[in-house]
Every structure is written in structure tokens, then in C-alpha cells.
Amino acid sequence: MTAQTVFTVAGLTLREAARRRVLRALAALTLALLTLSAWGFSKLAGIEFEGSALTSGEERLIASQVLNLVMFGLSLIAALGTAFLAGPTLAGEIESGTALSILARPIRRSAVLLGKWLGLVAFGSGFVAVAGLAQFLIVRVTVGYWPPHPVEGLALLAAQTTVLLTLGLLLATLISPMASGVVAVGLFGATWIAGVVGGIGDALDNESLARVGSVSRMLLPTDGLWRGAMHALQDPIALAQFGGPALEGGFPFLSPAGLTFAYLGWVVVWVALLLGLAAVTFLRRDL
Amino acid sequence: MNAVATDLALDAAERLIAELPPSPAVWCSGLRKRYGRQTAVDGVSFTVGRGEIVGLLGPNGAGKTSVIKILLGLVRPDAGEVVLLGRPAPDPGSRAGVGYLPELFRYQPWLTAAEVLALHVRLAGVAVSAEERRESLAAVGLTDRARDRVGGFSKGMQQRLGLAVALVARPELVVLDEPTSALDPLGRADVRDLLLALRARGVAVLLNSHLIGEVERVCDRVVILDKGRVAASGTLPELLGRRELRLRLDGVTAEAEERLAAAGRVTGSGSSFTVALAADEPAATVPDLVADLVELGVRVHAVEPMRISLEERLLDILRTGDGGDSR
């Protein structure tokens, strides 16, 4: 019965995502980004530097950097989309009264929450997979670059989306739908900036500055996962060849190291913890 | 020998259980709920029997909707117990046979009316055929709109859909919170017919409504809430049993006034008098009183026996806090 409730609500959440305007907005944004990047990458192929064409190594380095930049745009769209979907789907239903008739059914609130989460994860991951794959194909066709670990990269991006939407769900059990979306996206941006600051700290061998990045990556793992995804998508040979400060973490669209299993374990714990917290607050809430 | 005796005892026990009256549709005791400093519900207890229509009445802020939400597990009470259809309320299973139309009725605007019903049937865990679901929509007059998205529905249509949602999963108990607030007079008449049809099918109904006339026409029993407490409760004859007699008299002497007071509590001034009569007053009371008054030299212009309406009784209870004996 509980499993049936979870899957029913998950299906409902997917249907909501498919039928609400947010999907159309998401599709339009993604299409615009993909088109722009296709145009940009096609220009990159014929570029000349100081009178001579780029070597293939240079081209690969630039392509992998620009790919990371565009993937950052995609992850931002995914983050915005799911965070603004996670808020209304729970807090909006409580506010409007839609939740009343649903929760008066013989079902557990935790099953409803889990179903919503599952539906949102499926939606976010589906979006990352489709849009990311489209982007990889564009880069492949225009400059002939194919990332070394595409599946790992997309999985980490999907995990990043999951982390953010879990935060969005927790916030939605506490505050209004719009506010929960805004706060989630704000925190996402703040962690990214903290990650960049930490990277600069690494490059300058400034420990306290570097710690800003590490601490923020623990508190909200979006930036850590994003760095792992970048590492999976960039070309290691070209990087090693052209190295320097870029490799030391000073540049925000290149990542010097992959993720450890310990960190991935922490992400799983983090998500479970927030989901549990969301369930507790949702269970105690008077409707 | 022993085995036979055990079998006999078991049979007897089974028969005893089978013959027990079914547990009431709603049983609640000592419900209490505070929001900050405000006490919304303060020691509310009542029962709704199987197949009974019970009206919940009271002024705004009396705690009616809070009580309903506590019954359905939507609000956690600070104290008190709820049993729905024989199962204690913290267990979600207690709501398996319950249909609910909230006061704030909103349904997923991106779904069609038919999809909303299908969703609720799945969540209720009941197998209801598509044909039966169509009948539920037909019962509230939404047959033509089954394939339309709820987002385009008027308030009245959404409330009708809410009624269909409450009724679709073959409930044994239906809780309706202001079911006619968005309906026109025709819609209200439809709801009345629906309620009577439910009673005929043995479905228990807890009805919260501001429309006293509606409650008076369909309810078997009424629970009146005021400031979070049960101010009065009982069957309609119990609550409304008190009758009164309006008289227009001339030449009332002290003796005549005494005779009037002997019949019941007298109010009034000048030539108009109102005598409150007890519910179980014998039929001869009024003619006897009139004959005695005439004998005492009183000139009788008009004698008008009145029955108190639920509205008057409600106002009386809320103003004086007098719940009478039926409490």
C-alpha cells in the first residue's frame, strides 16, 4: 500500500512537471543554450591564434573548458527548474488546500513526501540526461571532442540536481513555495562562489581561503558534485599538457581532482538526512 | 469432550461479536487543540452513528473545521482520542472508508476531472470501475466536463468535483465541510438530495454547514460548538422540543398571570404574552389554559402555538450558554 502510494505520487509529480509551464520554460531555455553553444563551438573550430590555427591539443583544452562552461549553464537551468518545481509541488499544495483532500486519504505523509521526491529526482535526472547528451553531441559534431567519462559526469550532475531539490523540499515544508525556491537557488549560487573562492585559495596556497571552499562543499554538496562532474568531462591529457595555475584550481571551469568515495558517501547521507528532516517537519505540520 | 466444549465456546463468542452493534462511524473524546494562546478546540467529544447524518453547527471560529481536521488526521490534537469506523485515528487505515470535502476545496488544476477521481481512487486503495467513477461525476452534474482540466473550472464546479471526490471510493463515512458554500440554490438542492441518498444507503455523514435550514432538513442529530466546546447536542426533537404559546390578552388580572405562570415561563408585556411550554406537555394543556383564562375574565384575542426553529434555538444557546438537558 505504501509503495503504491509512493509510486502514485511520483507519477503525479512527473505529470505535474510535464503539464506545468515550468517544463516549457525549461525546454525553451535549454534549446536557447544548446543553439548558442552549437554556434559558438562551430566558430571555435576555425579559430586562429597569432596567425596560425590552433593545435589539436589547444583545441581540446578550450573545447573541454567551454563544454564545462555550457554544462554549468545546463546545471543551473536544472537547479532552477527543479528548485522552483519542488517548492510549489509541496508548499503550494499545502497553501492552496490541494493537500487536504489528498492527505485525508488512508496514506502516510512520509509516503507522499517520498513519492514527490522520487518524481522530482526522475524529472531532474531525465532533464540532465537528455540536455547533457544533446550538448555532448553538439561538441562532438562541431569540434570532435568527446568527454572521457560522460556517464559519470551526467550522473554527478543529476546528483547535484537531486541535492538541490531535496533542499528545496525541506525548505518547502517550512516556508512559502516561492521563498523556498529562491532560498535554494540562492544557497546554490553562494556555494558555487564559495567554491571559486576556495579554488583561488588553493592556487595562492592560502589555507584559510581554501577552507571556505571545503566547508561549503560539505554543507551543501552541489559545488562538490559539480566539480566532480567537470573533472569527468574535461580532457586529462590536454590539461596535463597545458597545466599551470588552471590545474591548481584557480579557474572555475576546470577541476584538478575527481571525487572521493567518502565524499559521495557523505552526499548520500546528506540527502537522506535532509529528506528525513523534511519528513519529520511535514509529519508534524498542521494543515 | 474438552474440544467440543472449546468449539461451543468459540461459536458462542463469534455469535456474540457478530451480534454486537457496529462501532460508530466517528467516536471522539476530549479533543483539545491550541494555536499559540488561542484555544481552538476545548474538550470536544461526540459520536456519529453508522448511517446517521450529524450536523456540526456554531458561529465562525467555534472550532468546527479544526474538529473536522483533527478527526481526519490533518491537524494533530494536543489531547483526545479519535476512532473512525472502529479504528484508532493515528493509523492512516482508519481513513480507508472516509470521504472528505474540505472547506478549502482545491484540486490539481493540471488534471482533468476524471483524472482527479482516478487519483483519489488509487490513493484510497479501492478498486472502482471507470463506469462507477463516471456515475460519481454524473451524480454531481459534471458528466460533460470529465475530460476538462480542473484549472478551467468555476468555484461551484470545483466544489461539485470535491463532492464527487468525497463519494467516489464507496465511503462508509462522509465528512463535508461547508459543502454548499460555492453552490447556487439549485446546487444546494442537489446536495440535499445527495445527502438523503447517502442516508438511504446507510452512509454516515458529518456535515458542517452555516445554512441552518439545510442542517434542519437533513440531519438526524446536531452538535453545536461554541468557543471550542460542545454547547449542546442531541436529536432535533430533543433540541427543538420546546414549544411556545403566543397569546394576545386583555384584562389580565394577577390571578390570570399566576395561571399563565403555572403553564410555563412567561415573557412579554402589555397585551402580548409568550409562554414557554415543555416538550412533553400533554395535548390538553393549551385548551385547558384558554378555558381557565376565560373563566378568570380574561378576553382572549389570539392564541398561537409556535415551534422553535433551529436557528432561534441556536441563537438562544449561543447567547445564554443554555444547552438545556439535552447536553
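Colleague: Is helix α2 (residues 64-71) of chain B largely enclosed or open, and how many of its residues are buried?

Modeller: In this predicted model, a residue is called buried if 20 or more other C-beta atoms lie within 10 Å of its own. The residues of α2(B) that are buried are Lys64(B), Thr65(B), Ser66(B), Val67(B), Ile68(B), Lys69(B), Ile70(B) and Leu71(B). The helix is therefore largely enclosed by the rest of the structure, the buried count being 8 of the 8 residues.

Colleague: Which residue with a positive phi follows α2(B)?

Modeller: The residue in question comes after the helix, and its phi is near 75°. That positive value belongs to Gly73(B).

Colleague: Which residues of strand β7 (residues 173-177) of chain B lie on each of its two faces?

Modeller: In a regular strand, side chains alternate between the two faces of the sheet. Strand β7(B) is mostly covered, with 5 of its 5 residues buried. Both faces are covered: one side carries Leu173(B), Val175(B) and Asp177(B), and the other carries Val174(B) and Leu176(B).

Colleague: In what sense does β7(B) pair with strand β6 (residues 98-101) of chain B, and with strand β8 (residues 204-208) of chain B?

Modeller: With β6(B), the pairing runs over 4 bridges and is parallel; here Tyr100(B) stands opposite Val175(B). With β8(B), there are 5 bridges, and Leu173(B) has Ala204(B) as its bridge partner. The sense of the pairing with β8(B) is likewise parallel.

Colleague: How do helix α1 (residues 2-19) of chain A and helix α5 (residues 109-143) of chain A cross, and at what angle?

Modeller: The two axes come within 7 Å of each other and cross at roughly 45°. That angle makes α1(A) oblique to α5(A). The handedness of the crossing is right-handed.

Notes
Residues numbered from 1 in each chain as written. Chains lettered and ligands numbered in written order. Predicted model: local features only at pLDDT ≥ 70, side-chain atom pairs only at ≥ 80, totals over all residues. Axes fitted to C-alpha atoms, helices over the stretch in contact; angles between N-to-C directions. Parallel < 35°, antiparallel > 145°, perpendicular 65-115°, else oblique. Left-handed = near helix turned anticlockwise from the far one by under 90°. Buried ≥ 20, exposed ≤ 12 C-beta atoms within 10 Å, placed from the backbone. Pairing = 2+ DSSP bridges.
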